[in-house]
Each structure stands twice: as structure tokens, then as C-alpha cells.
Amino acid sequence: MVSRNKPRGALTVAAPIVFLALALAGWWLTTALTGIEAWRLPDPLSVIARGATLLKRPTTWHQIGVTGGEAIAGCALGTVVALPLAYAIYRSRLLAAAVEPFLGATQALPAIAIAPVLVLWVGYGMTSVIALCALIVFFPILVSTVVGLRHINREFLEAAALDGATGWTMATQMEIPLAAHAILGGLRNGFALSVTGAVVGEMVMGGAGLGQVLTQMRSNVDTAGMFVVIAILCVMATMLYIIVYRIERSRRYDITQ
């Protein structure tokens, strides 16, 4: 059943455009009518001009590639570890009893608090940033996968067992497909958060990506440039989110239905 509140058709395109236009208009009015200093809040035209300048530089695209590569590598590492562990927790009552009480505490830890510890273990640079991204995406994917597996209709599994499905066949043919909506939902959220992990990691642990650019711009009070970098990061996170969503739709696992 399709939700009454789910946007469809032209509304999915028109509504975001109208919202963005209203937000930009409100932003411009704020800068024009309040007289706020540009170093506190630059006007939209200044940010657009600064963005055009930055995007003409090859170094900017290299920095985007570095941050994007770290985020994707962290996503892959976190997913490879989270999915098997989630299935093991679902299958083992002993493991679930031992691990689950600590999951809430681990999700509450801010990334910036974990970063200094990773520096001690891994060192500065890209490897530690990737490790931080993996940790950030690991827990949303783990929790959503466990929840999805536990909400499978038991009647389907019992019927499959009567037909002889066991072990690997049961997992790949029944359990994982039936829980795919929750698994992909966790992947969507985790992959979008990986961009945050990459930026925080670069700001704390060093690197050659957009996190370092933000740190430098903050020191130079380049507020317009900071707005441009933040916008780029939003686009990157949105792209990762949409990629997983499209996979979701192509596999007919749309969790928004």
C-alpha cells in the first residue's frame, strides 16, 4: 500500500525547487535588510561567485575526490563488517545478549571523540579517516539490519523450512530478501553519514580533502568559501543517498511505500 503522504509525480521535483527558492530568498532578505556583516553571513551572490572561483581550480576537484574516496572506502569497510555481524546477532541469542546492551552507547559517541583514539592506534592520514567513516556507518547499518531480520514474518520462514530451506539457502533466498527494506534503509543513512565522518576525520586527523579546506577557510575567515564547501558536502551526501535509493527502487525494496 502506497502511503498517502508519499510525494508523487511532479510534486517530487517542484516541491524541492520551491523550497530552495524560498530558502534563498529568505537568506538574501536577511543579509539585505539586517545589515549583518559578510564575515558572519555572506549574501547568496557572494557565495555563488566564490563557488565559481573554487570550482575552476583543479585542486578543488582533487580535494573533492579525496574526501569522496575516503567516504566510499569507509562505507564499504563498515558494511562488510556490519552485515555479517548483524546476521550473527540475529541468529545467536548468546551473541545478541552480549552485544546489544552496548549498541546504544556506541551510537551516542560523537565522531570527534573517537578521532583522537584512532590517531593513537592508526596514525594521521587517510587510513585513520577511512576507519572513522567505517565506524560511523557501521552502527546504523548493524542496527537496522538486525531490526529488519527480526521483523520477518515467521510464517514465511517456517514454510521455507518445510520445503527444505536451511543454512545458506535460507539466508540468501528468504531472510535477507525479506529484510532488504530495512537493510537498504540502514545503508542509505550510513552512506550519507560517511561524508560527515570523512570531513570530521580530516579536520582532526589530517588529510588532503575538504575537511582541511574548511579548517583553512575558518582560519582565514573565508565564510563564503565555507558555505561553498558545505554545499559541496551536502551534494556528495545526497548523491550517495540517492544511489542507494535507486538500487532500492530497482530491486523493488522501496521502504517509503
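Visitor: Start with R150. Buried, exposed or partly exposed?
Guide: R150 is partly exposed, because its relative accessible area is 39%. Keep in mind that this is a predicted model.

Visitor: Which residue does R150 form a salt bridge with?
Guide: R150 pairs with E100, and the closest N and O atoms are 2.6 Å apart. E100 sits in helix α4 and R150 in helix α6, so the pair links distant parts of the chain, 50 residues apart.

Visitor: And how accessible is E100?
Guide: E100 has 29% relative accessibility, so E100 counts as partly exposed too.

Visitor: How many salt bridges does the structure hold?
Guide: There are four salt bridges. One of them joins D222 and R50, with 2.6 Å between the closest N and O atoms. D222 is in the loop between α10 and α11, while R50 is in helix α2, so this pair ties together parts that lie 172 residues apart in sequence.

Visitor: What does R91 form a salt bridge with?
Guide: R91 forms a salt bridge with E175, the closest N and O atoms being 2.9 Å apart. R91 belongs to helix α3 and E175 to helix α8, residues 167-178, so the two tie together parts 84 residues apart in sequence.

Visitor: How accessible are R91 and E175?
Guide: R91 is partly exposed at 47% relative accessible area, whereas E175 is buried at 2%.

Visitor: Why would such side chains pair at all?
Guide: Opposite charges can pair when the charged atoms of the side chains come close.

Visitor: Change of topic: the largest nonpolar core. How many residues, and which touch the most other members?
Guide: That core has 54 residues, and L142 and L233 touch the most other members. Helices that each supply at least two residues include α2 (44-55), α3 (58-91), α9 (180-205) and α11 (223-250). The largest share, twelve residues, comes from α6.

Visitor: What is L233 in contact with, leaving aside neighbours within four places in sequence?
Guide: With that exclusion, the contacts of L233 are T67, V195, V199, L210 and L214.

Visitor: What does UniProt list for "transmembrane region"?
Guide: The unreviewed UniProt entry lists residues 71-90, 102-123, 129-149, 191-211 and 223-244 under that name.

Visitor: How much helix is in 129-149, and how far apart are the end C-alpha atoms?
Guide: The span 129-149 is 100% helix and 0% strand, with its end C-alpha atoms 30 Å apart. For 191-211, the figures are 81% helix, 0% strand and 17 Å between the end C-alpha atoms.

Visitor: Now the surface. Which residues form a nonpolar patch there?
Guide: V117, L120, W121 and V122 form a nonpolar patch, with about 470 Å² of accessible area together. V117 is in helix α5 and is partly exposed, with a relative accessible area of 33%.

Visitor: Last one, T60. Buried or exposed?
Guide: T60 is buried, because its relative accessible area is 6%. T60 lies in helix α3 and touches L54 and L55, not counting residues up to four places away in sequence.

Key. Residues are numbered from 1 along each chain as its sequence is written. This is a predicted model: local features need pLDDT of at least 70, side-chain atom pairs count only at pLDDT 80 or more; totals for chains, interfaces and linings use all residues. Side-chain values use heavy atoms; hydrogens and water are left out. A nonpolar core is a set of buried Ala, Val, Leu, Ile, Met, Phe, Trp, Tyr and Cys residues joined through side-chain atoms within 4.5 Å. Buried means under 20% relative accessible area, exposed over 50%, partly exposed in between (1.4 Å probe, protein chains only). Helices (H or I, at least four residues) and strands (E, at least two) are DSSP runs, numbered from the N terminus. Contact means heavy atoms within 4.5 Å. UniProt positions are given in the numbering used here, feature names are shortened, and annotations may be inferred rather than shown by experiment. Patches are made of residues with over 30% relative accessible area and no salt bridge: like charges are joined within 9 Å, nonpolar side chains (Val, Leu, Ile, Met, Phe, Trp, Tyr) within 5 Å. Accessible areas come from the Shrake-Rupley method with a 1.4 Å probe; for residues, only the protein chains shown count as cover. A salt bridge is a side-chain nitrogen of Lys or Arg within 4 Å of a carboxyl oxygen of Asp or Glu.
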